[in-house]
Amino acid sequence: KANKNNNNNSILIDEHDSNKQYADYLDCMDPKRWYTFLESDTYKKDIQDYRRIQESGDANALALFVAHHPFVTEALLQLANLCYLTNQSQEGLSLIKRTLWIFESVSL
């Protein structure tokens, strides 16, 4: 809560409100309050395959992986980033939208 002091136009901050806002911020940072996604064994295997492709740095292998595994979000985001770097923003936007749709779908 801020109060304006009419004598010298300074603003006084209520220390109680400042501490409460900081406590609320820390409460939001508690990982127990966040959504977590549990990965299936199949998805974990797909992630391992994706990590190998990521380490190789092969863009064609990444594109083929995304074509065969269209719901691996890490690979979708990596390919979207690659699309933006190569000035293919429409395709990159499409991949980002697909990634958001996946996260929205699994959180229902």
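Before reading any angle I noted that axes are lines fitted to C-alpha atoms, for helices over the stretch in contact, and that angles run from 0 to 180 degrees between N-to-C directions. Helices (H or I, at least four residues) are DSSP runs, numbered from the N terminus. I am working with a predicted model, in which local features need pLDDT of at least 70, side-chain atom pairs count only at pLDDT 80 or more, and totals for chains, interfaces and linings use all residues. Residues are numbered from 1 along each chain as its sequence is written, and side-chain values use heavy atoms, with hydrogens and water left out.

Entry on H2 and H3. I looked up helix H2 (residues 41-56) and helix H3 (residues 59-68), which pack at an angle of about 160 degrees with their axes 9 Å apart. H2 and H3 are therefore roughly antiparallel (angles over 145 degrees count as such). In their contact (heavy atoms within 4.5 Å), Asp46, Asp49, Tyr50 and Ile53 of H2 meet Ala61, Leu62 and Phe65 of H3.

Entry on the faces of H3. I found Leu62, Phe65 and Val66 buried (under 20% relative accessible area, 1.4 Å probe, protein chains only). Seen down the axis of H3, these buried residues fall within an arc of 95 degrees, so they line one face of the helix; the arc is that of the directions from the helix axis to the C-beta atoms. On the other side of H3, I noted Asn60, Leu64, Ala67 and His68 as exposed (over 50%). The cover over the buried residues of H3 includes H2, helix H4 (73-85) and helix H5 (89-106).

Notes. Helices (H or I, at least four residues) and strands (E, at least two) are DSSP runs, numbered from the N terminus. Angles under 35 degrees count as roughly parallel, over 145 as roughly antiparallel, 65 to 115 as roughly perpendicular and the rest as oblique.
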